[in-house]
Structure formats: C-alpha cells, structure tokens
Amino acid sequence: MENKKNERFYAVCTSLVLTVLFFGIIFTNFSNETFNVVGDQKNLCYPSFMRLGFYLRRGIFSGVDISTFNGASEFFSRGNLTTMYPIAMLFAFIGDAFSIQYIMYSLMFALHFFVAFYFAQRLGTRFFGLEKHLSLLFACSCLMLYSYEIWYTGFALSTMLVVPLLYTSLSLLGENRKYNLLLYSIPYVMAFTTGYITISIILVGIVFLTTCIFIVVYTDKGEVFRAFVKYFSIILIAGLVCLIYYLQLYRYVSRIVQTSGNTLTQVWDLSLNLDDIWVVPLASYTPSFIIEQYDALTIGVVWTVALITVFVLRKRIKFDSKKRIFHNVLIGVNVLLLIIAFGNTTPVITWFYSLVPIFGHMHLPIRYMMITLPLLYLVVCIEISMLPNLKGQKLFKNLSIALVMIAITATIILKVNPQKCINTNLFILEIVLGAIVLFKVYENGWNNIETVLVWCVSLILTAGTSFYSFTVPNLTAAYRETDNIYYNSSDLVTLNNYLNNDTTKLLYRYVCIDEDKAITPYVPQNFSWLNGTERDISNYYGYELQLAWPKDYAIVSNGWFANVNWQYIKNTRGNFVILTPAYIEKNQQFLDSIIDWSKSDYYLSNGMRICTLKKYVPSYYAGNSDTLDPRTDALDNGYFYSPQLLNRDMTRFETDRSRYFYAEINSESESDVEFLPYASPYYKYYIDSQEVQPTISDLQAYLKVPAGKHEIKILYKNRIGTLGGMVIIGYYFLMVIYGTGVTVFSIMNKKRRIINK
C-alpha cells in the first residue's frame with residue numbers, strides 16, 4: 001500500500017512539474033491571448049468554445065446557429081465540434097458566466113495534459129510492471145503527440161484520453177464493488193463526445209481492442225468470461241447514452257449536409273511520399289508535400305534506434321506467446337497505418353479504402369495514428385525493460401559519434417546552403433540530444449535510470465518546441481491587433497459605431513471578402529462567435545464548410561468563400577460587406593450598383609472598408625432581381641421583413657437566437673412576411689398558435705398574415721437532436737449525483753469499519 005502511495009505521489013509530482021513547464025507561460029500571462037491565434041484554433045476551435053458557453057448559459061443545447069451561414073448551420077449537430085464533452089461544457093459555461101473564456105479554455109487543456117501524463121505513468125507501473133523511470137519514459141514519449149495535436153481541440157482531447165481511458169478499462173476488470181461499476185461508463189461517454197466523431201469512434205475502438213486482448217492475455221482463465229461481461233456492460237451503457245446523439249449527427253450529415261465521402265483520388269493525394277520517411281526520426285524535417293498530421297509521425301532519433309534494437313533482439317526477449325500476440329497486434333496496427341500514410345506507394349491504402357466502411361474513406365487516415373501511437377510506445381517500453389544488458393556495446397558509441405559528426409557537418413553545410421526541408425536549429429538540437437542519449441546507452445544500457453532520464457529530457461525539449469509553435473506565446477499584442485479584428489479595440493469601435501446607426505436592426509447580415517485569402521484572416525469567418533459586437537451579426541459564410549452547411553445552402557452560396565451569390569444576399573436583405581481596397585478597385589463598376597457609398601465611410605485599420613448594401617425587394621415579391629426598396633422604414637429588423645409593413649407595425653419581438661422567434665404584427669390589411677434567415681427543415685411556423693405551412697422559395701420562408709393584430713412564432717423542433725442532448729446532459733447530472741452518493745457512502749463505510757475495529 002505504501003509503495004502504491006509513493007507511485008501515485010511520484011506521478012502527481014512529475015505531471016504537475018511538466019504541466020507547469022509547458023503551460024506556465026500561459027498561466028502567468030493570461031492577458032496575452034496567443035493560444036488561439038493560429039490556424040483552426042483561431043478560426044474554429046476557440047470561437048466554438050465561446051459560442052458553446054454562450055448557448056449553454058441560455059439553456060440551449062440544440063438549435064440553429066443564427067450567426068453563421070445565415071442561420072443554415074446547426075451548432076450542436078456538427079460532428080467536428082466539441083459541444084457535448086462534459087469538461088468543455090463546464091469550462092465554457094463558467095468562462096461565459098464570468099467572462100474568462102480564454103482562462104478556462106487554457107485550463108481545460110492544462111487539466112487534460114496533467115491527467116494524460118499522470119495516467120501514462122500509472123498505467124505502466126500498475127498494469128504492466130514497468131519501473132517508474134520507464135513509465136516516465138512512456139509518458140514523455142506521448143508528449144510529442146499531445147503537443148502537436150493541441151492545434152485542434154477534438155484531436156487534442158482524443159489523444160490525451162487514450163491512456164486514461166485504457167487505464168480506466170483495465171481498472172474496471174479488478175473492480176469488485178458493484179456500486180462503482182456504473183461510474184466506469186463516464187470516461188467512455190467522454191470518449192464518444194470529444195468532438196471529432198470518426199476519431200472518437202476510433203478512440204473507443206482501439207481501447208476496446210486493446211482491453212479485449214489484455215483480458216485474454218493477462219486474466220486468469222476462470223475470470224475471462226466475467227471480465228468480458230463486466231467490460232461489455234460498461235461499453236453498452238456508454239453506447240446507449242450516446243446513441244441518440246450519434247443518430248442525430250448521422251441524420252444531419254446524411255440528410256441535411258449530404259456530404260459525400262472522399263474519393264480514392266483525394267485519399268491518394270493527401271498522403272506522404274516515400275522519400276518523406278525522414279519525418280519519422282526527425283522533427284526538423286518538412287516533407288515535400290505537407291499534409292496535416294505528418295508531425296504526429298515523428299518519434300525521434302533515439303526512438304527510431306530503440307525500435308530497431310527491439311526488433312533485432314526480439315527473439316532474445318522472453319515472454320509467453322499470448323503476451324507476444326498482445327504486443328504484435330499493437331505494433332502491427334501502427335505499422336499498417338504508417339504504410340497507409342504513404343499513400344499509393346503500396347496498394348495497402350486502396351485495400352483499406354475499399355474494404356473498411358466509412359473509416360477507410362477518411363481523407364487523412366494518418367489521423368488514426370494519434371490514437372495508436374501511445375500504445376506502440378507502451379509495448380516498446382515493456383520490451384525495453386526485458387532487453388538484455390547492452391552496456392558497453394560499441395555500436396551505440398559509434399552511432400553517438402556519427403551523430404555528433406553529422407551535427408558538426410550540418411552546422412557548416414546548412415549555414416552556407418540552407419534547405420527548405422530542414423529546420424537547421426531544431427535539426428542540430430535533436431541530433432545532439434540523440435547523440436547524448438545513445439552515448440548513455442553505451443555507458444549504462446537502455447534500461448538504466450540515468451539513460452532514461454536523459455532520454456526523457458530530450459523528448460521534453462523537442463515536444464516543448466512543437467507545443468510553443470502552436471501556442472505561440474511570443475506573439476505580441478501588436479501582432480494580434482493586426483491579425484484579428486477581435487483584438488483591435490479601435491476597429492471594434494468603428495464596427496460598433498457602424499452597427500449602432502440603425503436602432504431598429506436586431507440582426508445584421510454581412511459578408512467579408514478578401515480575394516487573396518479564401519478564409520478571411522482579419523475578420524474570421526466565425527467572428528460572431530467571439531461576441532465582439534454590441535449588436536448581433538450573421539455572416540453569410542462560416543468555418544468550416546464540409547460538415548457545417550446544408551447542401552442546398554452550399555449550392556445557393558456558390559460553394560466556396562468569396563464566390564458570393566449576390567442575388568441571395570439581395571433576397572435576404574443583406575446589410576453590409578467588408579472589402580479590401582484591391583477588391584473594390586477590381587470590381588468598382590459592379591459594386592456601384594449594389595453599394596450605397598454615401599453610407600460607407602467606415603474604414604478599418606488595415607484599409608478594409610465597411611460598405612452598406614442597397615436594399616432590394618426580394619425577387620419573390622418583386623418578380624425580378626433588381627427592384628430597389630424605396631422605403632427607409634420598411635419592416636426589417638433582421639429577422640422579419642414585409643414589403644407592405646413598416647417598422648412600427650411590429651409591436652413586439654422576442655428571440656433566443658437559436659430555437660425561438662416571436663413577432664407581434666398589427667396591420668390594417670393582409671400582409672406578406674418573409675423570415676430572413678435560412679428556412680431550416682426543423683422549423684415549425686405558427687400564426688396565433690395555429691400551425692401554418694409557409695411558402696418556401698430560394699431557401700426562405702414566406703408567410704401570409706391576416707389583417708389585424710397577430711402573433712407569429714417560428715420554433716425549432718428537432719426532436720431527436722433535442723433528445724440526444726437531453727440524454728447526455730441528464731446522464732452527466734445523474735452521474736454527479738450518483739458519484740457523490742457513492743463517495744459519501746464509501747467514506748461512511750470506511751469510518752464505520754474503523755469504529756468497529
């Protein structure tokens with residue numbers, strides 16, 4: 001018992017030290033928000049975290065996102081957003097409640113980093129008999145993955161859950177207290193909801209496979225059936241909890257988004273070339289064709305030598321045939337995925353594509369290695385512990401000397417003739433560190449505390465470099481101000497001054513166009529999620545596209561950024577566009593016909609101009625596409641428009657901006673009313689509490705309202721989506737109550753036993 005306490009204390013201390021090392025610069029300078037300024041963290045992940053908190057605080061967990069794609073997208077039905085993960089939900093809620101979103105977002109990653117590192121050490125020592133220094137090596141080996149995957153929230157959470165989920169699964173097998181068993185389903189529900197559905201399923205599947213093999217290999221024969229029953233019951237509970245949620249995601253993708261699977265050509269194209277094999281030993285190497293996840297393949301120079309050593313000496317490692325099967329399966333899965341990562345160099349990727357439903361069609365099957373690599377590190381660490389003593393082997397001394405010579409030569413050559421494919425400084429660093437570790441192997445052998453500690457230091461240094469390349473803590477406030485309008489207080493004032501000109505407008509529609517960059521960098525596509533404006537705004541686009549917008553909206557929107565359908569914008573009474581000077585100059589004649597330049601004297605600091613669009617009568621009413629609306633006070637609050645009514649004719653309006661839209665109309669004669677956001681197939685329309693069928697034309701809903709005072713209600717009613725969210729949230733609440741009860745019961749039971757003694 002004392003030894004277990006020491007192991008736990010040791011694991012806690014090392015995990016805390018590493019977490020502080022990596023996140024310290026973020027913790028000590030929360031005002032310098034750099035965690036969220038690169039790539040998808042800037043464009044999607046952090047904004048979605050803020051929007052999640054916004055919705056949860058208002059009791060919304062199913063509905064349309066009125067602020068992107070003109071209300072066509074459904075925030076909680078997007079299979080690549082982290083919206084149902086309990087830690088993210090809790091931290092986003094707290095962040096929104098106290099306006100500390102960035103702090104809570106950073107803490108969420110730090111918490112997972114700590115937990116993943118802790119359980120990696122505990123997994124090795126408790127279940128596989130590794131000594132503490134080898135368990136530390138296993139944990140440090142996973143750091144490179146954690147550091148790289150930080151660029152995308154769903155990937156980072158999935159990667160950092162692999163080891164804790166496996167630890168929980170193996171702990172379950174030895175759990176004899178029946179009242180605790182239900183709690184073991186929690187990590188699996190979390191795994192199912194990390195935020196990128198295919199990766200979540202692979203996470204559960206790989207851990208399931210590993211646990212099943214472990215049961216067969218490590219469990220006594222008489223306990224195998226009982227262990228399987230116990231384990232399957234937990235998987236079944238978690239699966240049932242998430243089933244409805246998954247069904248609604250599938251329905252949204254298949255019926256609404258109607259996304260098509262990736263073609264074999266796409267899968268072939270998004271792969272590495274065989275000459276890029278250098279990415280495996282070298283973090284400093286950049287492949288000839290850069291694809292997402294290539295960094296995740298990097299294991300380092302020392303790990304490459306270790307793998308070769310283990311492979312060559314495997315016959316001298318003595319363990320029974322069942323355990324060898326366990327190791328071979330986990331190694332084999334990684335080798336298979338590595339071969340697939342190199343595309344059509346071999347026919348394996350074609351076989352994988354044709355024979356594996358859904359998962360074989362992933363355009364980047366290399367992504368699966370973020371889940372499988374930790375298990376490779378685990379089994380190789382186990383085999384390193386069983387290697388014969390290789391102390392004094394001159395091979396490692398010679399390799400060490402060779403690496404030093406390579407470092408010296410590279411320093412000279414790369415200074416004179418730099419190569420695009422090599423980061424010189426990082427290359428020299430990792431080569432020198434590799435030389436030091438291999439020399440320690442020569443002096444002490446692989447399974448030596450001093451050797452392993454030096455090896456761990458080299459892994460930590462390399463992982464830290466990767467971590468800070470994505471979290472970029474060196475970026476200044478001046479950079480952020482020029483990179484993202486959200487951080488430029490002057491431009492936010494300009495934009496808000498523009499929006500406050502019209503007090504009758506409750507929702508502004510806009511589009512930002514920068515022809516040079518499809519994904520507009522300065523005004524992010526999901527800018528509205530950041531709550532940077534005093535009035536609600538809705539972009540005609542958003543980010544990302546593949547799993548976000550309905551197919552009919554994609555067709556109407558011309559399918560990609562900057563390919564604007566101006567007729568659709570006219571029909572939905574778009575309010576303004578943000579344009580670059582170059583775009584205005586290039587399209588001056590056309591813009592003169594749609595922009596009111598007299599109301600467009602608002603400039604951002606980078607030269608972009610906020611331009612007011614002229615107001616047109618929708619072609620459904622006018623019969624043609626270019627009929628200007630002569631009325632300045634036409635009923636148009638951003639949600640409802642009428643060609644006959646004035647603003648004063650709407651006596652009341654309410655909305656939660658997602659599921660509920662209410663208007664009270666008072667008119668002297670029958671009138672037409674258009675609902676300006678996208679007409680979701682999940683909307684139900686009511687006039688005076690009586691359901692009516694609107695006319696749907698060009699993605700918009702048109703209603704006939706009788707003369708007199710009437711109420712219009714539009715309600716979002718996606719029963720399966722709402723039920724899926726309710727089941728998961730209800731499950732979390734029940735588990736909190738149940739877990740609290742179990743804890744109290746355990747404490748009271750323990751005290752009772754002490755008193756009885």
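## Helix 4 against helix 5

Helix 4 (residues 101-127) and helix 5 (residues 132-141) have axes that come within 8 Å and cross at roughly 140°. That angle makes helix 4 oblique to helix 5. Angles under 35 degrees count as roughly parallel, over 145 as roughly antiparallel, 65 to 115 as roughly perpendicular, and the rest as oblique. The axes are lines fitted to C-alpha atoms, for helices over the stretch in contact, and angles run from 0 to 180 degrees between N-to-C directions. Helices (H or I, at least four residues) and strands (E, at least two) are DSSP runs, numbered from the N terminus.

Helix 4 passes helix 5 in a right-handed crossing. A crossing is right-handed if the near helix is turned clockwise from the far one by less than a right angle, and left-handed if anticlockwise. On the helix 4 side, the residues that meet helix 5 are Phe-117, Ala-120, Gln-121, Leu-123, Gly-124 and Thr-125. Their partners in helix 5 are Lys-132, Ser-135, Leu-136, Phe-138, Ala-139 and Cys-140. By class, this contact of helix 4 with helix 5 has seven nonpolar, four polar and one charged residues. Ala, Val, Leu, Ile, Met, Phe, Trp, Tyr, Cys and Pro count as nonpolar; Asp, Glu, Lys and Arg count as charged; the others, Gly among them, count as polar. Contact means heavy atoms within 4.5 Å.

## Basis of the model

This is a predicted model: local features need pLDDT of at least 70, side-chain atom pairs count only at pLDDT 80 or more, and totals for chains, interfaces and linings use all residues. Residues are numbered from 1 along each chain as its sequence is written, and side-chain values use heavy atoms, with hydrogens and water left out.

Helix 4 has 27 residues. From its first C-alpha to its last, helix 4 reaches 38 Å, close to the 39 Å expected at 1.5 Å a residue. The expected span is 1.5 Å times one less than the number of residues. Helix 4 is mostly covered, with 20 of its 27 residues buried. Buried means under 20% relative accessible area, exposed over 50%, and partly exposed in between (1.4 Å probe, protein chains only). Gly-129, with a positive phi near 65°, follows helix 4.

Helix 4 also meets helix 2 (residues 39-56): the two axes come within 10 Å and cross at roughly 105°. Helix 2 and helix 4 are therefore roughly perpendicular to each other. From helix 2, the contact takes in Gln-41, Cys-45, Tyr-46, Phe-49 and Met-50. From helix 4, it takes in Gln-101, Tyr-102, Met-104, Tyr-105, Met-108 and Phe-109. The contact of helix 2 with helix 4 has nine nonpolar, two polar and no charged residues.

Helix 3 (residues 86-98) has 13 residues and reaches 18 Å from first to last C-alpha, close to the 18 Å expected at 1.5 Å a residue. Its buried residues are Pro-86, Ile-87, Ala-88, Met-89, Phe-91, Ala-92, Gly-95 and Asp-96. These buried residues pack against helix 2, helix 4, helix 9 (186-192) and helix 27 (719-756). Ser-99 follows helix 3 and has a positive phi, near 55°.

Helix 16 (residues 369-386) has 18 residues. It reaches 25 Å from first to last C-alpha, close to the 26 Å expected at 1.5 Å a residue. Helix 16 is mostly covered: 16 of its 18 residues are buried.

## Backbone features in loops

A cis peptide bond joins Tyr-543 and Glu-544, with omega about -5°. Glu-544 is in the loop between strand 2 (536-539) and helix 22 (551-556).

Val-472 is not a glycine, yet its phi is positive, about 35°. Val-472 lies in the loop between helix 19 (449-471) and helix 20 (477-483). At 12% relative accessibility, Val-472 counts as buried. Arg-573 has a positive phi too, near 60°. Its place is in the loop between helix 23 (566-571) and strand 3 (576-579). At 4% relative accessibility, Arg-573 counts as buried.

Ser-141 is in helix 5. At 2% relative accessibility, Ser-141 counts as buried. Not counting residues up to four places away in sequence, Ser-141 touches Trp-303, Tyr-377 and Leu-459.

Ile-237 sits in helix 11 (residues 224-257). At 29% relative accessibility, Ile-237 counts as partly exposed. Leaving aside neighbours within four places in sequence, Ile-237 is in contact with Leu-182 and Ser-185. Ile-237 and Ser-147 are 90 residues apart in sequence and 32 Å apart in space, C-alpha to C-alpha.
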